[in-house]
Amino acid sequence: KALTKDAIAILQKSKISATAWKQGWTAYWALFETAEDYSVHLIKATWPQIQECVKASTGQRTKLAVMQAFWLEHLLERYFRHENDAVQRYVLQQLVDLGATKQGLGLSEAFVLGRLLPEFNRMPQ
């Protein structure tokens with residue numbers, strides 16, 4: 001019961017509706033599960049939702065509410081470990097394209113230097 005009161009207080013303070021919060025996390029976990037699919041075309045089909053997560057992690061208003069960069073980084077880590085190199089290359093290219101925008105990616109310096117940049121050396125030609 002105390003946890004419910006705390007959750008309600010957080011939602012009220014953030015001025016995000018419970019529906020938006022739920023939609024955001026439902027979308028996040030669906031993307032997390034999609035990362036297990038082998039085919040790159042399924043990842044490409046869900047990429048607009050990942051872009052929404054990126055926007056949410058940079059504080060931009062989206063239909064996914066607000067998301068901390070930590071959760072986006074965790075999702076991206078899952079894609080970087082994907083067994084299909086085509087998926088890894090696609091995600092990396094999309095991140096480079098998104099990072100070139102005015103808003104950037106909102107990822108931590110530790111993630112960019114420790115995880116994202118090393119991916120460029122690992123990618124097969």
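Begin by selecting Arg 115 and Glu 77, which form a salt bridge with their closest N and O atoms 2.7 Å apart. A salt bridge here is a side-chain nitrogen of Lys or Arg within 4 Å of a carboxyl oxygen of Asp or Glu. This pair links distant parts of the chain, since Arg 115 lies in helix H6 and Glu 77 in helix H4, 38 residues apart. Helices (H or I, at least four residues) and strands (E, at least two) are DSSP runs, numbered from the N terminus. Both Arg 115 and Glu 77 are buried; buried means under 20% relative accessible area, exposed over 50%, and partly exposed in between (1.4 Å probe, protein chains only).

The model is predicted: local features need pLDDT of at least 70 and side-chain atom pairs count only at pLDDT 80 or more, whereas totals for chains, interfaces and linings use all residues. Residues are numbered from 1 along each chain as its sequence is written, and side-chain values use heavy atoms, with hydrogens and water left out.

Because Arg 115 and Glu 119 are four residues apart in helix H6, about one helical turn separates them. In general, an α-helix has 3.6 residues a turn, so residues three or four places apart point the same way. Glu 119 counts as buried because its relative accessible area is 1%.

Next, select Arg 78 and Glu 36, another salt bridge, whose closest N and O atoms are 2.3 Å apart. Arg 78 is in helix H4 and Glu 36 in the loop between H2 and H3, so this pair, 42 residues apart, links distant parts of the chain. With 25% relative accessibility, Arg 78 counts as partly exposed, while Glu 36 is exposed at 57%. The salt bridges number four.

Return to helix H6 (residues 109-122), now for its surface. Which residues form a nonpolar patch there? Select Val 96, Leu 113, Leu 117 and Phe 120, which together have about 350 Å² of accessible area. Patches are made of residues with over 30% relative accessible area and no salt bridge, with like charges joined within 9 Å and nonpolar side chains (Val, Leu, Ile, Met, Phe, Trp, Tyr) within 5 Å. Accessible areas come from the Shrake-Rupley method with a 1.4 Å probe; for residues, only the protein chains shown count as cover. Helix H6 gives the most to the patch, with three residues.

Now select helix H3 (residues 40-57). A kink of about 45° lies at Trp 47, shortly before Pro 48; the bend at a residue is the angle between axes fitted to the seven residues ending there and the seven starting there. Among the buried residues of H3 are Ile 43, Trp 47, Ile 50 and Val 54. Their cover includes helix H2 (18-34), helix H4 (69-80) and helix H5 (85-99).

Finally, display the whole chain. The chain has six helices and zero strands, and buried residues make up 39% of its 125 residues. The accessible surface comes to about 7800 Å², of which 56% belongs to carbon and sulfur atoms.

Note on methods. Contact means heavy atoms within 4.5 Å.
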